[in-house]
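Try each task before reading its solution.

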Amino acid sequence: MRAAVLHEIGQEKLEVLDDVEAVGFGPGKVRIRVRATGLCHSDLSAMSGVLPQPGPFVPGHEGAGEILDVGDGVTHVKPGDRVLVCWLPACGACPACKRGQTHLCLAGFMNAGTPNFKRPAGSPADVFGFAGTGTFAEEVVVDAKCAVPIPDDVPFDIAALIGCGVTTGLGAAVNTADVAAGSSVAVIGCGGVGISAIQGARLKGAAQIVAVDPVESRREAALRFGATEAVAPDALDDASQRITAGEGFDYVFEVVGKSATARTAYERTRRGGTLCVVGAGALDDFLQVNMFELFFDEKRILPSMYGGGDVLTSYQRAIALWRAGRIDLEGLITHRVPLASINDALDQMRSGAALRTCIEL
């Protein structure tokens with residue numbers, strides 16, 4: 001089968017191969033025919049080494065498709081069922097799951113250390129799947145809990161987005177920050193996740209939502225999705241002065257994953273306000289906050305992992321809101337490419353031209 005493979009961490013291009021085999025099928029597993037997958041910035045971060053991931057590997061973790069086969073003991077799905085791929089499935093038994101914090105379950109991360117694919121003799125035999133999945137492939141074998149059934153009226157491309165970016169951004173505003181009606185919000189970084197955070201803030205009733213991004217096309221898009229104003233990073237101070245009289249925003253979302261932007265977000269948050277960190281950053285990139293300002297300003301710093309709530313509930317909520325026309329998911333997909341053109345999708349993401357590129361398989 002075909003799959004896009006990164007041979008070494010640090011390479012910028014993927015190679016689309018037709019000699020890759022999905023492996024690991026057995027009890028408690030499912031085989032999925034991937035029909036659509038989104039390119040998330042986390043895939044680029046894993047390719048560059050910012051996020052830890054063994055290689056060689058097949059990127060992709062935001063996918064949807066059809067069940068081809070199920071292993072012994074799998075009862076919640078059957079061949080032919082339409083599913084989205086959950087890259088962080090909950091085990092239901094660990095302390096985090098028992099506390100109701102299923103998004104903090106570590107069981108899914110254990111899958112990342114087991115190869116999902118293999119290649120013929122003469123090539124590196126073991127090939128991993130990013131985040132234990134690897135959806136830049138025609139087929140993938142994953143833990144059965146990674147396969148979440150979707151209704152027939154949800155297209156594969158929409159389901160794929162719900163599998164990561166939409167759930168992450170929407171949940172940051174709705175679950176983690178719990179944005180208050182009438183509040184002021186700034187969102188730094190307006191790709192697919194940032195736009196989803198903007199939509200979440202709008203749903204919660206924020207009065208002002210300022211989108212911050214260096215790319216003009218993304219700022220224009222943010223206005224269509226609910227931002228009341230969109231500015232380049234160097235105009236954020238002026239926007240804060242005009243909207244909050246310099247006090248700072250009630251909520252600032254950092255959706256870039258860098259300490260520099262997180263520090264800017266902290267400074268633009270009002271005293272007693274909330275900084276919500278959504279971007280996934282590097283292990284060696286440290287955010288510096290001095291002890292006096294931490295105490296004196298009483299700003300809440302809230303990291304948001306995968307939307308900060310039960311992901312299955314978040315999926316259902318996103319589908320319900322999309323059906324009701326309360327959130328726009330189709331508009332997030334600005335580009336579509338076949339798997340053979342995957343490197344075009346990488347360029348679209350790196351340049352900021354795309355909110356989300358859908359890879360159709």
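Predicted model: local features only at pLDDT ≥ 70, side-chain atom pairs only at ≥ 80, totals over all residues.

**Exercise 1. Find the strand order of the open sheet formed by 6 strands, and name its edge strands.**

Step 1. Trace the order: 14-13-12-15-16-17. The pairing is parallel.
Step 2. Look for strands that pair on one side only. These edge strands are strand 14 (229-231) and strand 17 (300-303).
Step 3. Follow the twist. From one strand to the next, it averages 20 degrees.

**Exercise 2. Describe how strand 12 pairs with strand 13, and find the helix that lies across them.**

Step 1. Locate strand 12 at residues 184-188 and strand 13 at residues 208-212.
Step 2. Take the pairing. The two strands run in the parallel sense, over 5 bridges.
Step 3. Pick out one bridge. Val-187 has Ala-211 in strand 13 as its bridge partner.
Step 4. Helix 6 (residues 192-203) lies across both strands, and runs at about 175 degrees to strand 13.

**Exercise 3. Classify the packing of helix 5 against helix 11, and list the residues that meet.**

Step 1. Start with the geometry. Helix 5 covers residues 165-176 and helix 11 covers residues 311-323. They pack at an angle of about 95 degrees, and their axes are 10 Å apart.
Step 2. Apply the cut-off. Angles of 65 to 115 degrees count as roughly perpendicular, so helix 5 is roughly perpendicular to helix 11.
Step 3. List the contacts. Helix 5 brings Val-166, Thr-167, Leu-170, Gly-171, Val-174 and Asn-175. Helix 11 brings Ser-314, Tyr-315, Arg-317, Ala-318 and Leu-321.
Step 4. Sort this contact by class. It has 6 nonpolar, 4 polar and 1 charged residues.

**Exercise 4. Where does the cis peptide bond from Gly-55 to Pro-56 fall?**

Step 1. Check the bond. Its omega is near -5 degrees.
Step 2. Pro-56 sits in the loop between helix 1 (41-48) and strand 5 (57-58).

**Exercise 5. Glu-298 has a positive phi, and Tyr-306 has one too. Is each residue buried or exposed?**

Step 1. Read the phi values. Phi is near 50 degrees for Glu-298 and near 55 degrees for Tyr-306. Neither residue is a glycine.
Step 2. Glu-298 is in the loop between helix 10 (291-297) and strand 17. Tyr-306 is in the loop between strand 17 and helix 11.
Step 3. Judge Glu-298. Its relative accessible area is 60%, so Glu-298 is exposed.
Step 4. Judge Tyr-306. Its relative accessibility is 2%, so Tyr-306 counts as buried.

Methods:
Residues numbered from 1 in each chain as written. Heavy atoms only, no water. Axes fitted to C-alpha atoms, helices over the stretch in contact; angles between N-to-C directions. Helix = DSSP H or I, 4+ residues; strand = E, 2+ residues; numbered from the N terminus. Parallel < 35°, antiparallel > 145°, perpendicular 65-115°, else oblique. Contact = heavy atoms within 4.5 Å. Nonpolar A, V, L, I, M, F, W, Y, C, P; charged D, E, K, R; others polar. Pairing = 2+ DSSP bridges. Buried < 20%, exposed > 50% of the residue type's maximum accessible area, 1.4 Å probe, protein only.
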